[in-house]
Amino acid sequence: KPPVFLRDYCAPAWRIREIELEIDLDPAATLVVSRLAVEQDPAQADVELVLDAEHLELLEVSIDARVLGADEYRASAQTLTIPGLRGRSVVGTRVRIAPEKNTALQGLYLSGSRDAGFLLTQCEAEGFRRITPSIDRPDVLARYTVTLRADRARFPLLLANGNADGAGELDGGRHWARFVDPYPKPSYLFALVAGNLEHIEDEFVTAEGRRVRLVIHAETDAIGHCGWAMQCLKMAMRWDEQRFGRCYDLDVFHIVATHDFTMGAMENKGLNIFNAKYLLADPEHATDDDYRHVLAVVGHEYFHNWSGNRVTCRDWFQLSLKEGLTVYREQEFEADLASRTLRRIEDVRVLWRAQFAEDAGPLAHPVRPDRYSEINNFYTATVYEKGAEIVRMLGVVLGAKGFRRGLDLYFERHDGSAATVEDFLAALGDANALDLSAWLAWYAQSGTPDLRASGRHDAQRRCYELTLTQRTPRTSGQPRKQALPVPVAVALLDADGRPLRLHLDGEPATAAHERVLLLTSDSATFRFIDVARPPVASVLRGYSAPVRLEQAIDAAALAVQARHDSDGFNRWFATDTLARRLFAQALASGEPDPALLATHVRCLDGALRDPAVDPALAAEMLTLADAGSLADGLADIDPEAVHQARAQVERALAIALAEPLLARYHELSGSDGTAVDLAAQARRRLRNACLAALCRADPRHVDLARTQRAQACNLTDRLAALSVLVNARADGVDPMLDAFAQRYAGDALVLDKWFSVQATEADPRALARVEALTAHAAFRWTNPNNVYALIGAFTLRNPRAFHRADGAGYRFLAQAITRIDSVTPQVAARLATSFGAWRKYEPVRRALMRHELEGIAARNGLSPDLGDIVGRTLA
Ligand code: DPP
Ligand code: ZN
């Protein structure tokens, strides 16, 4: 596919005011009749009407009800062109599609079996053109009226976006249902569902007094696991009213669960479609993490109703306008309802592991890319996570009230239309009488800035000077970089960790103990006065900017933060920094420095013994960064050496902490059962972190895992124990794995976790297991969840085995990608990003990865999705 450039954007020459669809559903042959009320932009009177149309069997084209002859239109593999049309008309088409053959899972497809499965759609980004010819771009917004017809016995449930507008019987056992969506929407938000599903129902009354029917639909075996999602939906609706003043706007809100989905979930207007993985939860079948993910994703898709649907994107370059903002809203939702510190730590871990890596490799791109050839490949950590970080920074700079004012203005100004990043910044700025245009650079510039922070205390003058310096390294395609606005939240702590009052030179004194310094140039020095003794600088609190922080700070000062910092995130950040220093020493000299180790042990010991520390935070402090994140910034990576150094630090810490770990493990045992409240989740998290550490310190502790596995009464504990046993290669682990698979036979989501546990065993022999599991009855190459759980977990979360020195991991991945590409190109393309960092590895592995990439590139019939990733990775 040729690239599309942001700079070439043109407003649409034709718009569609109304779309009427009549769809006769059948898995083998579905007929789609459409009537598009099109209208030409008078200023572009010479531009032909070109409709997007792919994978369609075109049966008929008409204009204002007159059927056209074959010479009156042109059809290609991608488009349907109607020359000579002017002004306003109603363009009609009739096409046939075959949902049951649609394994790409874009457009209309079948979930589940041919005889019993249900039909559903996925249109973002460009799937609508696989259903009917249309102008399939987000700045063309139309009102939809949709009539569905299908066999009643096979498809009793018929759903499309919007409010129901009639239903009835037809001859031959068929029935129909009509839906009207009063809100103009872009085609990517279109959805329909038809099948035999069960549902649960509830009601929500909005702050504006609208009674909204809430319905969650799922297959029979899953409907009993939808209760938590319903609670989450109601919490999300209330939260968006209270925090951002946003109310729901239709009389009904549907959510449908499917096991066959390439994404996490999709925010179609009034008809969200969810990957079952992010919707179903009950104590026997879901882990604590699943519960939180359901909360977050239900929130995310619901919040899109405003940030995405009511105000959408002008073009796909602006994707982060809705995704970055909605991820931010989702993060704040979970932070307000669950644990702010835990969510922040998890987000930062993901940012470091996925986004920093992306930004440092050949697939680096700005949050607002300036070109793409396949938009599906831009649903990335950069667009989502870094995009959310930019919104967060704006929130930090504007303050909660200012940010809310800005967002209100944004929604008010752009309601019902398609906006840009410039519009967003203008609204936030105008509402606060600020010029925020400098922030555009965050959207336009790729790469992770390095931020250096160094402090100097002057005892005589009783002042402390903090110097902040930024530099963004060059990235693929962007050699020159500019300084960005970087908000740095700072506190100064005394030796006991108490925050000092901050008095910035030249400003009036305040009572504040924390403030945000805004670095807008390459370097700046901030002078605090009335500082009697050298303070400990707690910098970048809450991780106030997505930068690599390099801090001139000694271990003693980090220990003060780790033990006392009032900012939970920075407390963890300090322990993470200490652990990274230990890792670097182990990697360089084969051994961590004993004094530094002792310091870190004291910090962790304190966190373990202190009942005032949230157990979830203590668990995070005990959990070392993964190997990929630890290798960030290294060149010529030897993954085996990284693994060994990491394992050495883990082991040394676990041995030194054996006593408090064991004490805490026992103290936390047994009490929580199937409770899923936050406190119970936090205790389980710490207990399982203790278990994993203990088993690393001493193989005798594996018996604890055996007991826990046998006695567990929730999936979190059962799975944690199993994972420890697999990683320890404990005697009898194979029968235990079998027993687990038997217990959960038929539960695809739990079996996916069972695949992942085996795929992530940090041992080169894991590859053989993974290869064997591809033949397991519960594994289907056509199912994205299966592929990500087994193959994705192996390549992304098992660097030691994936990067085996013999290249067998690479060969396996290349074969898997080729196989999947002919079925679900998007999934193949995503898997291929596992090769993204190939240039960072030592020469032998580098050559092996390159060989596999070139092998894939040389194949005939590569999908555009995969071709794009492989091409850019090798470039
Ligand atoms: N469904 C994806 C999301 O919500 C893309 N919009 O992020
Ligand atoms: Zn989203």
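Which residues are around ligand 1? They are Glu124, Met263, Ala265, Met266, Glu267, His300, Glu301, His304 and Glu323, where a residue is counted if its C-beta atom, placed from the backbone, lies within 6 Å of the molecule. This is a predicted model, in which local features need pLDDT of at least 70 and side-chain atom pairs count only at pLDDT 80 or more, while totals for chains, interfaces and linings use all residues. Residues are numbered from 1 along each chain as its sequence is written, and chains are lettered from A and ligands numbered from 1 in the order in which they are written.

The shell around ligand 1 divides into three nonpolar, two polar and four charged residues. In this division Ala, Val, Leu, Ile, Met, Phe, Trp, Tyr, Cys and Pro count as nonpolar, Asp, Glu, Lys and Arg as charged, and the others, Gly among them, as polar. Two elements give two or more residues to this shell, namely β20 (265-266) and α2 (288-303). Such elements are DSSP runs numbered from the N terminus, with helices (H or I) of at least four residues and strands (E) of at least two.

Glu124, one of the residues around ligand 1, is joined to Ala125 by a cis peptide bond, with omega about 0°. Ala125 is placed in the loop between β11 (118-122) and β12 (141-151). Most peptide bonds are trans, and most residues other than glycine have a negative phi.

Two residues in this model have a positive phi without being glycine: Asp64, at about 45°, and Leu105, at about 60°. Asp64 sits in the loop between β5 (57-63) and β6 (66-67). Asp64 counts as exposed because it has 10 C-beta neighbours inside 10 Å. The cut-offs use C-beta atoms placed from the backbone: a residue is buried if 20 or more other C-beta atoms lie within 10 Å of its own, exposed if 12 or fewer, and partly exposed in between. Leu105 is in the loop between β9 (88-97) and β10 (107-111). With 25 other C-beta atoms within 10 Å, Leu105 is buried.

The largest nonpolar core has 272 residues; a nonpolar core is a set of buried Ala, Val, Leu, Ile, Met, Phe, Trp, Tyr and Cys residues joined through C-beta atoms within 7 Å. The residues with the most contacts inside this core are Leu148, Val193, Ala194, Ala229, Leu279, Val294 and Ile817. Helix α5 (residues 381-414) gives the largest share of the core, eleven residues.

Leaving aside residues up to four places away in sequence, Ala229 touches Ile216, Ile255, Leu279, Ala281, Val294 and Val298. Two residues are in contact if their C-beta atoms, placed from the backbone, lie within 7 Å. Leu120, in strand β11, is buried, with 25 other C-beta atoms within 10 Å. Not counting residues up to four places away in sequence, Leu120 touches Tyr109, Ser111, Val193, Val256, Thr258 and Ile273.

Helix packing is the next topic. Two packed helices are described by the angle between their axes and the distance between the axes. Helix α1 (residues 227-244) and helix α3 (residues 319-337) pack at an angle of about 100°, with axes 11 Å apart. The axes are lines fitted to C-alpha atoms, for helices over the stretch in contact, and the angles run from 0 to 180 degrees between N-to-C directions. α1 and α3 are therefore roughly perpendicular to each other, the term for angles of 65 to 115 degrees, with under 35 roughly parallel, over 145 roughly antiparallel and the rest oblique. From α1, Met235, Ala236, Trp239 and Arg243 meet Glu332, Phe333, Asp336 and Leu337 of α3. By class, this contact has five nonpolar, no polar and three charged residues.

α3 also packs with helix α4 (residues 340-359), at an angle of about 145° and with axes 7 Å apart. Gln331, Glu334 and Ala335 of α3 make this contact with Arg340, Arg343 and Asp347 of α4. The contact of α3 with α4 has one nonpolar, one polar and four charged residues.

Asn688 lies in helix α15 (residues 678-697). This residue counts as buried, with 23 C-beta neighbours inside 10 Å. Asn688 touches Asp717 and Ala720, not counting residues up to four places away in sequence. From C-alpha to C-alpha, Asn688 and Leu668 are 9.6 Å apart in space and 20 residues apart in sequence.
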